[in-house]
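Thanks for coming. I will take you through one structure today, starting with its pocket and ending with a few backbone details. Please have a look at it first.

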Amino acid sequence: LYSNASGVLPSNAMLFADSAGNMEGLECISGSTTPYSGKWIAPSGSDITQESGDLFDVSVGGERDPGHLTISQAPGSTFTSDHNGVYTCLIPDETGEERMVYVGLYSAEYQDSITITSLEHITGPGLQISFQCNTTGAPPLDVTWRRNGVQLLQDGTHSTSLVLVGGTTSAFSSTLLVGGEVDDIVGRYTCTVTDYTGSSDEKRVSFAGTRVETSSDIFFVGSSESVTCSSDLDVASIEWLYEGDVVASSSAGSAQLNFDPVNESIHEREYTCRISTVHGVVEHNVTIFVAINEKDFDLSVTSEGSLANYTLSCVFTKPEGISAVPSVQWRQEDLNRPIYDDGCRVDVQYQTISQGRIVNVTFAPWREYDGRGFVCRATISLQVPPYSLTLHSQVEAISDETSAETDGKLLFAAGGSISMLGFDGRGLKALVFAESAVIALDYHYQKGYMFWTECDADSVMRAKMDGSEVIAIVKDFDCPRGLAVDWIGDKIYFSHTNPNEIKACDLQGYNCKGIVSTQHDYVWSVAVDPYNRWFYWTSENYTSFEIERASLDGQARETILSHNDYYYYYYYYYDPKDLRLDYTNQILFWFDPTTYSIESSYVNGTKTATALSQLSVYAHSFSIYENQLYWIYSYDSIYTTPLTDGRCDHSLFYDQYACYYI
């Protein structure tokens, strides 16, 4: 913790504003290498990082200075008594574990008032017990612990700690751990707390060496349980009480409370263990519940077959007397959605039996295995605790030589990031975190570069394929959208608005010139065929849609496809109306949002046909590789679909942030 006026500060420090209400700036520094992490918390519990500009301005460490989190007083603001309290910095260290430092900030006229709100014995005893002293007051605080009037120092048998528990009242908690023999533990304990003004408060508590032992604080239907209350000292008596009546007692060192929940007509009871010793009387309360035992339920799974024909079976059984019907689902590991019967590649069969439910899943032979394991999840609602019970059972991932790996990857944009993903949905790797939404992207394999457009930033960006050396190579063109790379001529082609045209630049963003312009409202997608020296683009307005092409220098322009009765499908302002090119077969592919289909034609516009129909949703962006379609659904998922049947799709990837382009 660092102050711009006081230098390095310890956690549990205190700073005052001057008489004019000016407060020092604070910087919280860690060894974290993760940018944009950490937050400052106000005494009210609100995140100052999300409210910058009220009293404090917040600066969060970025790519260059990760681990730096700074607050400074906003210009024109005044630190008043309304802002008094403890301000906490939560920030991960170099291992990723969250750490906390805090400092008290107070106005110049602040007068502290310190109060110990409670002092209690919280665990034990055994060979170690602990006491907790809860207090309010402004840091720095000094806490002193005494046993029978003698101060306890930090040594092998005693240790203390002071932690912030938050709130506008500057609440703290000090814990004392005491170890050793029984005679070294029992006695009268005093907690004294002193603040910076010398004001103090203290409380006392006695400990008589008692212990409550229980196998659980929840007792299960169908199994007898017992609770033992004992003392490590000589006792006069040990008694169990229920509603003031003694239900079990002993004059030895322990008393056992036996009870069979099956024969009890109660849902919850509170019992008291009373121990009388030479040091006085100590009481402990124990709450006992009637509940269902998870061990009475069973979830078993089996699997058989190979990738050519694979079957999963899950059987859930419940004890007699439970009438509730369970929900049983198969899921793929790491995917938060059930496996469903799609009438295509997956067949799911449910069977209800008298004592449970069976779910069988069979995968069609052509299904490409993605390497994940499988999890069966069963949930049942109950009338007694724990009210809802969930069981999981897992089948490990299958090893099959027919599941060949490929070096190919999917490059996609999700919100402000660009990531790489294997064709099987594995190997996700974030490459670039952009400053605004990525609209379109392409790459130059030989040069090792990727390029993308950012409409909000009016920029065309470039980086190495590993995400390094990010640079804006083209700026100040209104809302760049479509983008394609000529990897033979080493040029980029991109569309933008105002005016609506397509420009060509070299790979450094220099020597840019307009190639073609259009009268349509939007130029969406661009595709380049460097072998035959053509480039293609889509454009549209509210009544028409066109696919055109021209030579790479903008000459020989011609219309490939035109729809004059086209309905402008304004699904989202940044939607790339994707256009893809099969270089080998010289076929164009594009998405028609009015029919939810992928259309195709030869590059000269002949033989227009539907390449893939019956897509269930809008394909925001798509790519084609070896007769397999990869497409973005609902801005948060990547699906793959064989070009032979648009109904047989399955999910490869899900992201809570918007997926724009693939």
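The largest pocket has a volume of about 1600 Å³. Before going on, note that this is a predicted model, in which local features need pLDDT of at least 70 and side-chain atom pairs count only at pLDDT 80 or more, while totals for chains, interfaces and linings use all residues. Residues are numbered from 1 along each chain as its sequence is written, and side-chain values use heavy atoms, with hydrogens and water left out.

Back to the pocket. Its lining has 41 residues, and the closest to the centre are Tyr443, Tyr583, Ser623, Ile624 and Tyr625. A pocket here is an open set of points on a 1 Å grid over the protein atoms alone where a 1.4 Å probe fits, with protein on both sides within 12 Å along at least five of seven lines; lining residues have an atom within 4 Å of a point. The volume is the space filled by probe spheres set on the points, with points joined across faces, edges and corners.

Which strands each supply at least two residues of that lining? They are strand 33 (409-414), strand 36 (440-444), strand 40 (483-486), strand 44 (522-529), strand 48 (579-582), strand 49 (587-592) and strand 52 (619-625). A strand is a DSSP run of E of at least two residues, and a helix a run of H or I of at least four, both numbered from the N terminus. By class, the lining holds 26 nonpolar, nine polar and six charged residues. For that count, Ala, Val, Leu, Ile, Met, Phe, Trp, Tyr, Cys and Pro are nonpolar, Asp, Glu, Lys and Arg are charged, and the others, Gly among them, are polar.

Now the protein as a whole. The secondary structure comes to zero helices and 56 strands. There are 662 residues, of which 51% count as buried. Buried means under 20% relative accessible area, exposed means over 50%, and partly exposed is in between, with a 1.4 Å probe and protein chains only. Among contacts (heavy atoms within 4.5 Å) between residues at least 6 apart in sequence, 49% join residues at least 24 apart.

Next, the nonpolar cores. A nonpolar core is a set of buried Ala, Val, Leu, Ile, Met, Phe, Trp, Tyr and Cys residues joined through side-chain atoms within 4.5 Å. The largest has 31 residues, and those with the most contacts inside it are Ile418, Leu441, Met450, Phe451, Trp452 and Ile492. Strand 37 (residues 449-454) gives the most to this core, with four residues. What does methionine 450 touch, leaving out residues up to four places away in sequence? Its contacts include Leu411, Ile418, Leu431, Tyr443 and Met461. A second, separate core of 23 residues includes Tyr310, Val328, Phe363 and Phe374.

On to charges. How many salt bridges does a search of the whole structure find? The search finds eight, a salt bridge being a side-chain nitrogen of Lys or Arg within 4 Å of a carboxyl oxygen of Asp or Glu. In one of them, arginine 99 pairs with aspartate 93, the closest N and O atoms being 2.9 Å apart. Arginine 99 is partly exposed, at 45% relative accessible area, whereas aspartate 93 is buried, at 10%. Glutamate 548 and arginine 557 also meet, at 2.9 Å, N to O. Here glutamate 548 is buried at 5% and arginine 557 is partly exposed at 37%. Arginine 549 and glutamate 558 form another salt bridge, at 2.6 Å, N to O. Arginine 549 is buried at 10%, and glutamate 558 is partly exposed at 31%. Salt bridges that share partners join Asp93, Glu97 and Arg99 into one network.

Last, the backbone. Most residues other than glycine have a negative phi, and most peptide bonds are trans. Aspartate 476 has a positive phi of about 65° and is not a glycine. Aspartate 476 sits in the loop between strand 39 (471-475) and strand 40. Is aspartate 476 buried or exposed? At 70% relative accessibility, aspartate 476 is exposed. Glutamine 586, also not a glycine, has a positive phi of about 55° and lies in the loop between strand 48 and strand 49. The peptide bond from asparagine 498 to proline 499 is cis, with omega near 0°. Proline 499 is in the loop between strand 41 (491-496) and strand 42 (501-506).
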